[in-house]
Amino acid sequence: MRAYEVEGPVNARSHVALEAEVSDGRGGTVGRYRLRPETGKTHQLRLHMAGLGVPILGDPLYPEPREVVDGDFSDPLRLLARRLAFTDPVDGTEREYVSARALTIPGSDGSRVRIARARQQKPNS
């Protein structure tokens, strides 16, 4: 299912900032962006980045759909929630979760090139 933009009032807002340009291991660079959605619409970040002309690496739907064989994870979507923080709607507790995962892309020699660094996990208070 692909999302699309329609005429009318804006109903999806995202803050996009280029954090760094990182070597892609093939003589070029890729951008590492900080994305902060204000709203949570279906495929919002993917659609916004494609609309800006910088689609998220590995995206099988945007800007144009591409064929992906079920079970083939050789080129996954490079979208990682580094940090998720919210007020628990049940008990009002502030919650924060930080990912220790890192994003990589295939290098020209078959190695994996890290494009997003892993951060230390913060304890949840």
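Predicted model: local features only at pLDDT ≥ 70, side-chain atom pairs only at ≥ 80, totals over all residues.
The chain has 125 residues and contains one helix and six strands. In sequence order these elements follow the pattern β-β-α-β-β-β-β. The C-alpha trace spans about 50 × 45 × 30 Å along its principal axes. Of the contacts between residues at least 6 apart in sequence, 39% join residues at least 24 apart.

The protein exposes about 9,100 Å², of which carbon and sulfur atoms supply 51%. By residue, 22% of the chain counts as buried. The side chains include 19 that are positive and 17 that are negative, and the centres of these two sets lie 6 Å apart.

In soluble globular proteins, nonpolar side chains tend to be buried together. In this model, the largest nonpolar core consists of six residues, namely Val22, Val30, Leu103, Ile105, Val113 and Ile115. Two or more of the core residues come from β5 (103-106), and β6 (112-116) likewise gives two or more.

The peptide bond joining Tyr62 to Pro63 is cis, with omega about 5°.

Terms used
Residues numbered from 1 in each chain as written. Heavy atoms only, no water. Core = buried A, V, L, I, M, F, W, Y, C linked by side-chain atoms within 4.5 Å. Buried < 20%, exposed > 50% of the residue type's maximum accessible area, 1.4 Å probe, protein only. Helix = DSSP H or I, 4+ residues; strand = E, 2+ residues; numbered from the N terminus. Contact = heavy atoms within 4.5 Å. Areas by Shrake-Rupley, 256 points an atom, 1.4 Å probe, with all protein chains shown as cover. Lys, Arg positive; Asp, Glu negative; His and termini not counted. Charge placed at Lys NZ, Arg CZ, Asp CG, Glu CD.
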